[in-house]
Amino acid sequence: MSETSSQAELDELRAGVRDFLAAKSGERQVRRLMDSERGYDDGVWRQMAEQLGLQSLALPTEHGGDGYGFVELRVVLEEMGRTLLPSPFLSTVVLAGSALVASGDAAAQAAHLPGIAGGKTTATLAVAEADGAWRTDGLTTEAVRTDAGWRLRGKKWFVVDGATADLVLVVARTPDGPGLFAVSGDAAGLTRTPLRTLDPTRRLAWLTFAGTPAVPVGQAGGAAAVVERVLDLATAALAAEQVGGARACLEASVAYARDRVQFGRAIGSFQAVKHKCADMFMRVQLASAAAEEAANAIAGVEGAPAPGVAAAVAHVVCSKAFMFVAAENIQVHGGIGFTWEHPAHLYFRRAKSSQLLFGGPAVYHERLLGRMGV
């Protein structure tokens, strides 16, 4: 692929990722990993880096990345969402990787990005506190400078892959304003508690810092701008995931409507089922367009809208679409769709957890208004 990939090259990327995930992230593998201690397969994570170069795809070339952009990353995320891949990709590449790049800290980037790009390091970003809000005002977690260096005290909630990440980037209060700090996953004074959540395919954790040693990243007191940038990238990335999941639900519904026979005819011939599938198709197409527009905006494609606005729109549209399509998928499948043994249940849980990941409907509508200057 060139730095500006053609549609044919994007299709080739999609086909390669889809084939890989078909072999590595089928329903049987997903259910097995849901019940595992780490929540993902370390071997698959390494293969993603070594065979496909997914972790390095959109990271800077000077730190082991391939230098591509969000247009290519969107394709990868859609395919991951399509199979509900249990993986620390969102937390490591999108949240932590984007935070390191946005910080402008060359030393921190040199220290951590090569490991992320090579699949050797998993990482995450800890922002939210007890209220679940991704904001940098009113922080209770604080960083204090001591003779031995910086130390963190406080708690972070709903940290994606926080219980297993090798590196945790923490936003904390400092005398200069909100700062960003790097903490090793095995640092003294760090307690990591896995949370029981609705969606077992995406792990969250509660982190407690008790005098935990930390290294400042980026400009002193400059974390607010970093978090704003990461939120735009993260919501656009999540939108791409949601499109993939919604499309999988649509495909499952259409296939079932063709094959399931009642009263001597396929249920897809019934008007009520036809209307459901048509509504699902419309929502998926609209969500796909919104996610693509957000990716183009972030990548700086000519004619695209402002990245913040496009990402916020995609977050709203894709969250609603995935919830709608996941619920309708259950309805099309009837009684079996309500059972834990059917994959429709897994997609509904992912849809709801994704909708709430960065604060839920009230928050993302407020963010959209803010990005529009209202």
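Good morning. Please keep in mind that the model is predicted.

The largest cavity has a volume of about 70 Å³. Its lining consists of 14 residues. Nearest the centre of this cavity lie Ser-87, Asp-161, Thr-201, Arg-202 and Arg-203. Sorted by class, the 14 lining residues comprise six nonpolar, four polar and four charged residues.

I turn now to the second largest cavity, which holds about 60 Å³ of space. What is the class make-up of its lining? Eight of the residues are nonpolar, two are polar and two are charged. Among the lining residues are Lys-24, Ser-25, Leu-33, Tyr-40 and Asp-41, as well as Leu-85, Pro-86, Ser-87 and Pro-88. Val-44, Trp-45 and Met-48 also belong to this lining. Helix α3, which spans residues 42-52, supplies the largest share of the lining, namely three residues. Ser-87 deserves a remark: it lines the second largest cavity, and it is also one of the residues nearest the centre of the largest cavity.

Finally, I come to the surface. Leu-369, Met-372 and Val-374 form a nonpolar patch there, and together they have about 310 Å² of accessible area. Leu-369 belongs to helix α11, residues 361-371.

Thank you for your attention.

How values were computed
Residues are numbered from 1 along each chain as its sequence is written. This is a predicted model: local features need pLDDT of at least 70, side-chain atom pairs count only at pLDDT 80 or more; totals for chains, interfaces and linings use all residues. Side-chain values use heavy atoms; hydrogens and water are left out. On a 1 Å grid over the protein atoms alone, a cavity is a set of points where a 1.4 Å probe fits but cannot get out, and a pocket is an open set with protein on both sides within 12 Å along at least five of seven lines; lining residues have an atom within 4 Å of a point. Grid points are joined across faces, edges and corners, and a volume is the space filled by probe spheres set on the points. Ala, Val, Leu, Ile, Met, Phe, Trp, Tyr, Cys and Pro count as nonpolar, Asp, Glu, Lys and Arg as charged, and the others, Gly among them, as polar. Helices (H or I, at least four residues) and strands (E, at least two) are DSSP runs, numbered from the N terminus. Patches are made of residues with over 30% relative accessible area and no salt bridge: like charges are joined within 9 Å, nonpolar side chains (Val, Leu, Ile, Met, Phe, Trp, Tyr) within 5 Å. Accessible areas come from the Shrake-Rupley method with a 1.4 Å probe; for residues, only the protein chains shown count as cover. A salt bridge is a side-chain nitrogen of Lys or Arg within 4 Å of a carboxyl oxygen of Asp or Glu.
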